[in-house]
Amino acid sequence: IASLAVKVAERNAFAPIAVSVVDATGHPLVEKRMDDCPTSGFATMASSKAKTCVLMTMSTRAYGDKYLSKPSTPDMYVRLLNQIASAETISFPGGVLLRRKMDDDDDVVVGAVGVSGAAGAEDEYIALTAVQESSVADLLATEPTEHQCETVKGEP
């Protein structure tokens, strides 16, 4: 999934990204950072997006929609960035929750993917598309199920 995320970002000429894939407890399984992706800041945000998904059992977009007032203000973003250092939670789009597909129930969280470095909707698109293109796509349900990215260039 992480390698596919890098390919999706490249295919769409998005900014270089960092990606983190975590298990159901939020422990990292794999983390990657593209060449020219700014240093640790984006890697930290990608990890925080993935961890937020498993901690809150929802996507980071849903987390932000649920707990942040609209419209967003610049001071809100500063406070959100401070969350990363203290609680490792973040409400920017780009964190996708992964659940095991089951005939009777999709409630079993198996992990999450966090992407950071492009615009929020692009990060989310990258994570979703990487999961959808992976060899385990048929076994996983994602939250969200669809992206909101309007800058997609390289649909397969």
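Reader: What is the handedness of the crossing of H1 and H5?

Author: In this predicted model, helix H1 and helix H5 cross in a right-handed manner. The contact involves Leu-4, Ala-5, Val-8, Ala-9 and Arg-11 on the H1 side, and Tyr-125, Ile-126, Thr-129, Ala-130 and Glu-133 on the H5 side. Classified by residue type, this contact comprises seven nonpolar, one polar and two charged residues.

Reader: How many aromatic pairs does the structure hold?

Author: The structure holds one aromatic pair. Its members are Phe-14 and Tyr-125, with 6.3 Å from centre to centre and 90° between the planes. Centres must lie within 6.5 Å for a pair, and planes over 60 degrees apart count as edge-to-face; therefore this pair is edge-to-face. Phe-14 lies in the loop between H1 and strand S1 (18-23), while Tyr-125 lies in helix H5. The two residues are 111 residues apart, and the pair links distant parts of the chain.

Reader: Are Phe-14 and Tyr-125 buried or exposed, and why?

Author: Buried means under 20% relative accessible area. Phe-14 has a value of 7%, so Phe-14 is buried. Tyr-125 has 1% relative accessibility and therefore also counts as buried.

Methods:
Residues numbered from 1 in each chain as written. Predicted model: local features only at pLDDT ≥ 70, side-chain atom pairs only at ≥ 80, totals over all residues. Heavy atoms only, no water. Left-handed = near helix turned anticlockwise from the far one by under 90°. Helix = DSSP H or I, 4+ residues; strand = E, 2+ residues; numbered from the N terminus. Contact = heavy atoms within 4.5 Å. Nonpolar A, V, L, I, M, F, W, Y, C, P; charged D, E, K, R; others polar. Phe/Tyr/Trp six-rings, centres within 6.5 Å; stacked < 30°, edge-to-face > 60°. Buried < 20%, exposed > 50% of the residue type's maximum accessible area, 1.4 Å probe, protein only.
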